[in-house]
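I opened my notebook to look a few things up in this structure. Here are my entries, in the order I made them.

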Amino acid sequence: MHTLRLRPLRQIHTTTTTLTTSWLRSLKRPCGTAVEYPSPIPRAAENRYTESGWSRVNTGGCPFWNKDSDWARDSLVPQIADRLKGVAAAKGTQFLDLRDMLQGREVCARQSRLVNATQPPSATSSEWARWIDSDSTQGPVQESMHPNYYGQLGQGRCLSLVYAAATGGSGGYTCRNTAGADASGMYLTAS
């Protein structure tokens with residue numbers, strides 16, 4: 001059953017990487033900043049629910065086994081980021097690495113809280129990504145596993161920081177959040 005879950009993720013990885021690298025390669029000249037996508041799920045050790053049968057799914061709605069979480073977080077996302085960074089460098093385009101932007105703010109992360117009737121949304125303690133929505137409406141399904149309102153604020157802050165720091169050439173930055181802070185706690189490091 002474990003390998004059946006990985007197959008769709010690998011297809012997503014291949015398709016996403018192919019489309020993005022094809023787009024970057026089609027550029028005739030450098031354009032702004034290429035941006036990598038943040039990981040919406042935590043590593044197994046950082047999940048707030050233990051893996052015990054189906055309890056993680058039933059209790060917290062987190063349908064990832066430990067091995068799948070670790071593979072996605074430590075293999076899939078870095079492979080996509082590294083490929084995109086390589087193509088951006090080859091094109092002379094600046095690269096913004098967001099793979100760790102949601103660190104501790106991912107869905108089901110131990111450091112963040114799930115919003116519910118007794119725990120209202122909070123920029124400093126809520127998850128910053130939307131969970132998998134099995135609703136049949138177009139918006140929620142397509143927005144699953146994407147940054148939510150707080151995550152979008154964080155991404156906006158990262159882009160503002162890159163714009164303010166941009167030197168006009170290639171190279172890149174990594175953007176991360178500060179635990180316990182809102183989007184104003186986002187910061188850049190040269191990568």
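Which residue lies over the face of Trp 128? I looked, and Arg 105 lies there, at 4.1 Å from the ring centre. I noted that this is a predicted model.

**Aromatic pairs**

Next I checked the rings. I found two aromatic pairs. Tyr 149 and Tyr 150 form an edge-to-face pair, with 5.4 Å from centre to centre and 70° between the planes.

**Helix H3**

I moved on to helix H3, residues 66–90. H3 has 25 residues. From its first C-alpha to its last, H3 reaches 35 Å, close to the expected 36 Å. I also found a kink of about 35° in H3, centred on Ala 72. Just after H3, I came to Gly 92, which takes a positive phi of about 75°.

**Strands**

Last, I traced the strands. How does strand E3 pair with E2, parallel or antiparallel? E2 (residues 94–97) and E3 (residues 171–176) pair in the parallel sense, over four bridges. I picked out one partner: Asp 97 is bridged to Thr 174 in E3. E3 also pairs with strand E4 (residues 187–190), in the antiparallel sense and over four bridges. There I saw Arg 176 opposite Tyr 187 in E4.

Note on methods. Residues are numbered from 1 along each chain as its sequence is written. This is a predicted model: local features need pLDDT of at least 70, side-chain atom pairs count only at pLDDT 80 or more; totals for chains, interfaces and linings use all residues. Side-chain values use heavy atoms; hydrogens and water are left out. Two strands pair if DSSP finds at least two bridges between them. Helices (H or I, at least four residues) and strands (E, at least two) are DSSP runs, numbered from the N terminus. The expected span of a helix is 1.5 Å times one less than its number of residues. The bend at a residue is the angle between axes fitted to the seven residues ending there and the seven starting there. Rings of Phe, Tyr and Trp (its six-membered ring) pair if their centres lie within 6.5 Å; planes under 30 degrees apart count as stacked, over 60 as edge-to-face and the rest as tilted. A charge sits over a ring if NZ of Lys or CZ of Arg is within 6 Å of the ring centre and within 35 degrees of the ring normal.
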